[in-house]
Structure formats: C-alpha cells, structure tokens
Amino acid sequence: MKIIHLSYPNHLSLEENLGPLSLALGFFDGVHKGHQRVIGEAIAKADEQGIKSAVMTFDPHPSLVLGGRKEEVFYITPLQQKMEILNKLGVDVCFIVRFTSEFAGLTPEQFIQYFIENLNVVHVTAGFDFSFGSRGKGNMETMAKCGQGIFGVTTIDKQTDAEEKISSTRIRQLLKDGDVGQVCRLLGRPFQVVGTVVNGDKRGRTIGFPTANIEPELGTFIPGRGVYAVRIWVQGELYDGVCNIGYKPTFNNPDVKKLSIEVFIVDFNKTIYGEEVVVEWHQRIRDEQKFSGIDELKTQIEKDKQTAIAFFKNLN
C-alpha cells in the first residue's frame, strides 16, 4: 500500500500519476466492521472499474482542532496500526490528510475540488453520517450533488450489531467497561495494543509468576482495570497469557496511582526487556482485587492462568 501525506494549502500535488481512484472517506479509528463495509465497497468499485482503491483519513483527530482539546487523544488504532490494517484489507493507496484549522475552514465545495477532483477520484464511498467542510456543512447529499457527471458516490447505511450502531464511540465505552469480547466482535479481530517491555518491580518472579511489564505507545486506548485472557506477540511468535491492568492494590501504596499493564506469558522463560510486543485482548476474566497475602494472590493467579488456557483451547 502506498502512503501519501497531504496538507492544505501546501502539499496537495502528487509526485506521480496514480490514475483514476475509487476512494473511501473517513477517520476510521478502529477500522471496525462498519468501516470495513465502507472500505470494502470502495475496493469493490475499484475492482469493477479496473482502477486503484484508496482510503483518505485524517491526522490528528479533528476534536483536537475543532474542540480545543488540550489533553491527549487516545486512539483505538493509532496511525501506524491503522495503516497496517488498511494494507491487510487490500487498499492500494492511503492519503493521510493533516487536519489543521485551515483545512477545517474549507467549504464543502473547496474540499471536493482539492481532495476529490484534483486527486482524480472517480468514485467516492463513505458512511451515511460522514460530514466535511467548514462546520461539517457538507454531507453525502452534498457529495452526490457536486459529483453529478464528475464522480460516482456510494453512501453506506448504518451498520449495526445487536440492533445498535457499530461505532468508535461504542467501542471506546466497551473498552472502558473491559468488555473486550464484544470489542473483538465489533472489530472483527482482537483489540491490539503495541508496547515495549520495560523493567518493573520484578515481584512476579519471586512468587513464581514472572510478568512482562508493558509500556504502551503514546495515545493508545487501554481497556479498563481488570484481569484478562490475552495473547501476546513476542519476537514473531504468539503466546497465550494473562494480563492485569491496574494499580496492584495488594502491594502498592494506595496513594500511588501508576497504572501498570503486566502480562504473565504461559510456557515462556525468555528475558525480553526492550522488545516491542503486541498484546491482543480476548476476554475479561475478573475485576482487579486486593488479596490478604501472597499465598491468596498466587492461588488466584493460577486460577486465572487455567481460565485463560481453557478459553484459548475452546477458541481454537
């Protein structure tokens, strides 16, 4: 997949002629099943016409510019992960448009001129609720009206699961609630977090359950506190594991609020400090809890380990 960065008003011209394009439009955080329907339709239109498929997404999140948010935005799929997923879906070209106040000030007609017509887009696909241009005044009716005789337009209806719209907002709430099983279903794949193994307090190894302490990439959305059945990619191999997200109340000072992500990896005994790993969240096992002592903690971790092993055995 070819990745092209665009920004207004400077970098708008392409270095090479890509030919006519079938374009999917959207922010696509999560690249969930609803997004996949939009992107799949754009790819299908490209195949029909013998042209390249393309996706246009935006960076950073519009709320940082439009909403005046100063805190960090947490993504279901950070940009690099989004690119990898789009590549796996078979997209030929991805345009990453820099979302700035100047870009946000474009009229719908200007957006169409610079980012549709000038890029030789011959078909546009987006969701029914996609809006564009200053104050979101442009919608898919605007797109269809402006496209008459110039480019085709396909609008994808609301995609639902359990009679509720599949959306990034819904997925974020499920992640906060720790309901990663539902998240997997809405994404069509396990929810993943990329991170680096860093030094922890090494207490796990003293009680027979050494853990990998994971420092996630900045801006990554982390599921709610609790214990989960996870899988973890380490050095190209996939292992079953148990992950605790929380504040380790059995040991920690209650005034210390440093969230930790610790993974006990089943049948694994390598030293992997500094390694980049990918954690897949599959199922919530229980809430984080405080234990009366080490023996009670060890007993519970063994139960959690067996629960995870049984879950993945059934999953396979």
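At 13% relative accessibility, S168 counts as buried, where buried means under 20% relative accessible area, exposed means over 50% and partly exposed lies in between, computed with a 1.4 Å probe on protein chains only. S168 is found in helix α7 (residues 168-177), and, leaving aside its neighbours within four places in sequence, S168 is in contact with D29, H32, H35 and I76, contact being defined as heavy atoms within 4.5 Å. This is a predicted model, in which local features need pLDDT of at least 70 and side-chain atom pairs count only at pLDDT 80 or more, while totals for chains, interfaces and linings use all residues. Residues are numbered from 1 along each chain as its sequence is written, and side-chain values use heavy atoms, with hydrogens and water left out. Helices (H or I, at least four residues) and strands (E, at least two) are DSSP runs, numbered from the N terminus.

**The parallel sheet**

- Six strands form an open sheet in the order β1-β4-β3-β2-β5-β6, and the pairing is parallel; two strands are said to pair if DSSP finds at least two bridges between them.
- The edges of this sheet are β1 (2-6) and β6 (152-156), each of which pairs on one side only.
- Direction ignored, neighbouring strands of this sheet are turned by 20° against each other on average, the axes being lines fitted to C-alpha atoms, for helices over the stretch in contact, with angles that run from 0 to 180 degrees between N-to-C directions.
- Strand β5 (residues 121-127) pairs with β6 in the parallel sense over five bridges, and V124 has V153 as its bridge partner in β6.
- Helix α3 (residues 79-89) packs on the sheet, where it touches β1, β3 (52-59) and β4 (93-98), and its direction makes about 165° with that of β3.
- Helix α5 packs on the sheet as well, touching β1, β2 (21-25), β3, β4 and β5, with a direction that makes about 130° with that of β3.

- The buried residues of α5 are P108, F111, I112 and F115.
- These residues cover an arc of only 100° around the axis, which puts them on the same side of α5; the arc is that of the directions from the helix axis to the C-beta atoms.
- The structure holds 13 aromatic pairs, counted where rings of Phe, Tyr and Trp (its six-membered ring) have centres within 6.5 Å, with planes under 30 degrees apart called stacked, over 60 edge-to-face and the rest tilted.
- One of these pairs is formed by F111 and F115, which are stacked at 5.5 Å centre to centre with 25° between the planes.
- Both F111 and F115 lie in helix α5 (residues 108-115), four residues apart, which is about one turn of the helix.
- An α-helix has 3.6 residues a turn, so residues three or four places apart point the same way.
- F111 is buried, with a relative accessible area of 3%, and F115 is likewise buried, at 0% relative accessibility.
- The rings of F130 and F132 have their centres 6.0 Å apart and their planes at 20°, so this pair is also stacked, and both F130 and F132 are buried.
- Ring pairs link F58, F99, F103, F111, F115, F130 and F132 into a cluster.

**The antiparallel strands**

- Six of the six residues of strand β13 (residues 260-265) are buried, so β13 is largely enclosed by the rest of the structure.
- From β13, S260, E262 and F264 point one way and I261, V263 and I265 the other way, and all are buried.
- Strand β10 (residues 211-216) runs antiparallel to β13 and is joined to it by three bridges, with F264 of β13 as the bridge partner of T211.
- Strand β12 (residues 237-246) also runs antiparallel to β13, joined by six bridges, and here G241 has I265 as its bridge partner in β13.
- Eight of the nine residues of strand β11 (residues 226-234) are buried, so β11 is largely enclosed by the rest of the structure.
- β11 pairs with β12 in the antiparallel sense over nine bridges, and the partner of I232 in β12 is Y239.
- Two residues lie between β11 and β12, which form a hairpin, and Q235 in the turn has a positive phi of about 50°.
- β11 pairs in the antiparallel sense with strand β14 (residues 276-286) too, over seven bridges, and V227 has R286 as its bridge partner in β14.
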